Amino acid sequence: MKISEIRELTKEELETRLAEAKKNIFSLRFQKSSGQLENVMRIKNLKKDIAKIETLIREKELGIYEKREMQKSK
């Protein structure tokens, strides 16, 4: 998932995506422990996606995202 795609989402959509990602990572960890997971990199990529989403949620809470957008438009 690219950061530009994530930035376009609303806070509610970000929270939904975050919940889905956490469910998926739980499932992947379970598959890994039982030896059924073929691509272990999916866990690493999902962790990165979770970090990106959590960062953007926090930026939106603090108003950092809006400030950054205003500076780009100048």
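A: **A close look at one helix**

K22 is partly exposed, because its relative accessible area is 43%, and the class runs between buried, under 20%, and exposed, over 50% (1.4 Å probe, protein chains only). This is a predicted model, in which local features need pLDDT of at least 70, side-chain atom pairs count only at pLDDT 80 or more, and totals for chains, interfaces and linings use all residues. Residues are numbered from 1 along each chain as its sequence is written, and side-chain values use heavy atoms, with hydrogens and water left out.

K22 has a partner in the helix of interest. The side chains of K22 and E54 meet in a salt bridge, N to O 3.6 Å; the term means a side-chain nitrogen of Lys or Arg within 4 Å of a carboxyl oxygen of Asp or Glu. This pair links distant parts of the chain: K22 sits in helix α2, E54 in helix α3, 32 residues apart. E54 is partly exposed too, at 36% relative accessible area. Helices here are DSSP runs (H or I, at least four residues), and strands (E) need at least two; both are numbered from the N terminus.

The protein chain has four helices and zero strands. Helix α3 covers residues 41-62, 22 residues in total. After α3 comes G63, with a positive phi near 85 degrees.

Next, the buried side. In α3 the buried residues are I43, L46, D49, I50, I53, L56, I57, E59 and K60. Across the protein chain, buried residues make up 27% of the 74 residues.

The largest nonpolar core has 14 residues, and L14 and I53 have the most contacts inside it. Such a core is a set of buried Ala, Val, Leu, Ile, Met, Phe, Trp, Tyr and Cys residues joined through side-chain atoms within 4.5 Å. Two elements give it two or more residues: α2 (11-34) and α3. The largest share, six residues, comes from α3. In soluble globular proteins, nonpolar side chains tend to be buried together.

I53 touches I6, L14, R17 and L18, leaving aside residues up to four places away in sequence. Contact means heavy atoms within 4.5 Å. Among contacts in the protein chain between residues at least 6 apart in sequence, 61% join residues at least 24 apart.

Back to the charges. The whole structure has four salt bridges. One of them joins E61 to K11, with the closest N and O atoms 3.6 Å apart. E61 lies in helix α3 and K11 in helix α2, 50 residues apart, so this pair also links distant parts of the chain. E61 is partly exposed at 44%, and K11 counts as partly exposed at 29%.

R58 and E61 both lie in helix α3, three residues apart, about one turn of the helix. An α-helix has 3.6 residues a turn, so residues three or four places apart point the same way. R58 is partly exposed at 45%. Together, K11, R58 and E61 are linked in a network of salt bridges.

Methods. The expected span of a helix is 1.5 Å times one less than its number of residues.
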